[in-house]
Amino acid sequence: MKITAIHMSNLLSHYSCRSINHVLFTLLFAILIPIAGFSQDALNKKTIKALDKRYEKIMKKNKVVGTSVAIYENGNIQFAKGYGYADKEANMLASAKTEFKVGSITKVFTCFGIMLLHEQGKLDINKSIVHYIPEIAIEHYQEGPATLIIKDIMSHNSGLPSDIVNGMFSETPPSFDWTIEKLNQHYMSSQPHYLMSYSNLGYGLLGELIERVSGKRYTDFMKEAVFNPIGMNQSYIFSDEASLSKAYVDETLYVPNLIRDQAAGSMVSTVEDMCLFIQLMLGDGQINGKQILAAENVAWMETNQLAQNAIPTDDRYGFGLFINDLKQVTKDESTAIRYIGHGGDTYAFHANFGYSPDLNMGGVVLTNSDNGARINSISRLLDTYTENQYDYNIQSNSSSDVSSDYPDFKPEEVIGNYDLGPYSMVVEDTKKIPFNVGKQKIILSQIAESNVYKIKAKLFGFLPIPVKSVQMYFQKVGDEIILAQKQVKSGSVSIISKKSPKSQSIEAWESMLGNYEVIDNFKTSFPAVDVEGKKITLSRVDDYLILDFEGMDMLGNTKVYPSDEKVAFTAGIGRNSAYTLQKLDNGNLAFMGFELKKI
């Protein structure tokens, strides 16, 4: 049974995955770069034709303006090509040298830089980041200071909040001091090693850590210590370079904002440069006869850090790297292969890269359009390549080592409220559970006396349609009741929600109900977090509060549960959950980096 944490509010797959991109360089410079060998002539015509057909077709279907694609294998770039435009207005075509924002792929390189400093003895990833940045004072609610071990932050396993939304994407991002002030107004979202919870904020702290320890700006350190030694001469942390690809939303030119947490998503690169990095990782930290990072530290980056978490899942994540299983399928057999990589998604730029040590092969897809995430699958890129070049396929592999045995619990423990993003599921009768997802009515029906439920959706509100491919079930982890969703055929399971807490001291919040305005907003062009001119209200519904930023998917209709007369938390589990709403001494409210004043 494969278990994967699912995040009902995926802001930073829109951010938490920020991206940054690159465009063209001169032919002479390309000749001088100590780059992996280039052997596109080794591809048969069938393979080239299939790759061209795939990307021309899916780009047109998904209205993607520009894409660059590359395949690395056995020491050579086997294929590298651009499709569409890097700058449609200037009629500049995309190429293998086009520079794109790569978003959260930045996290891989941030971790690489930290491992270099660890190897040099300048920091210890087993220590708390507070040892190096003492201003950090975030605490666990009623439990004292957070531990914040560096390697836990690198693996999204520290329990930090996912993001401080205000100022995250801005024309003029706030300073690190401002960010720390806002961070210290929060409480931790969970204990460390609870459940992987993706945190762009955590990587912002890692960027500051690099600056404190190296004595250099993050941008300069990455260029001098990481990119240049590898030979990635067209890679850098974002600046307003003329060679950078333009960005497009709905096929219209879009000007992205700057990213506050640079170490989480501000890198720019090309598919050729990314192939150099793939060569380095497949070479155990060595490239062109030069050992950049010790082999054991490369292996450490690629080692799963989530195995001992309180909620066991099949999610695997090292230091900045997702670790997955694929399978190599021939006519006669299927063989499991290891796949390692990371994607990067912002509002416009979408990037992906990955590699398989078992195949000594990897791929890169960089795009400049809002629909780019629909076409940047590396497994499909490599499958197209191997099917036509070698007559075998690369497919997903849904095997699992996670046990489905959990502590027994009484059926009445399930009764309560479960937040599903902007929706709610209220369990009053454990045999049959009806709830609505938008206009769609869903009914869960208990199978025998088990904790497993079959699903039925009512089309148009009255026509029952059984959903046979999926089941839902409850499990008890510690003192918490978790809601999960299981794919019947593959056995894969998604962690959906957990039972919401009961509010405490809610009467003490009555005086705070009403309309609010943001008094410290950083302007942004990113619609998901643009609060400019939005009506903001705090209201009470039964035994919880609703903080609503009108008309906003990310911030709208947020359920908040008071823990005492001054502190409340959003519900849910994993990413974008357990945010703090706090009364400030001046009478205002603090939430996600915003200061809210009653009007």
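The legends below describe close-up views of a predicted model.

Residues are numbered from 1 along each chain as its sequence is written. In this predicted model, local features need pLDDT of at least 70 and side-chain atom pairs count only at pLDDT 80 or more, while totals for chains, interfaces and linings use all residues, and side-chain values use heavy atoms, with hydrogens and water left out.

**View A. Helix α3 and its surroundings.** Helix α3, covering residues 45-62, has 18 residues and reaches 26 Å from its first C-alpha to its last, close to the 26 Å expected at 1.5 Å a residue (the expected span being 1.5 Å times one less than the number of residues; helices, H or I of at least four residues, and strands, E of at least two, are DSSP runs numbered from the N terminus). Its buried residues are T47, A50, L51, D52, R54, Y55, I58, M59 and N62, where buried means under 20% relative accessible area with a 1.4 Å probe and protein chains only. Among the elements that cover them are β4 (66-73), β5 (76-87), β21 (361-367) and α12 (378-389). At the start of α3, a side-chain oxygen of N44 comes to within 3.1 Å of the backbone nitrogen of K46, and after the helix comes K63, with a positive phi near 55°.

**View B. Helix α10.** The end C-alpha atoms of α10 are 16 Å apart, in agreement with the 16 Å that its 12 residues should span at 1.5 Å a residue. Because 12 of the 12 residues of α10 are buried, the helix is largely enclosed by the rest of the structure. D284, which follows α10, has a positive phi near 55°.

**View C. The largest nonpolar core.** This core (a set of buried Ala, Val, Leu, Ile, Met, Phe, Trp, Tyr and Cys residues joined through side-chain atoms within 4.5 Å) has 115 residues, and those with the most contacts inside it are F109 and F112. Helix α10 (residues 271-282) provides the largest share of this core, 9 residues. Leaving aside neighbours within four places in sequence, F112 is in contact (heavy atoms within 4.5 Å) with V226, I230, F277, L280, M281, I292, L293 and M301. Another core, of 23 residues, lies apart from it and includes Y55, L326, L381 and Y392.

Technical notes. Buried means under 20% relative accessible area, exposed over 50%, partly exposed in between (1.4 Å probe, protein chains only). A polar contact is a pair of N or O atoms within 3.5 Å; within protein, one must be able to donate a hydrogen and the other to accept it, and residues adjacent in sequence count only if both atoms are side-chain atoms.
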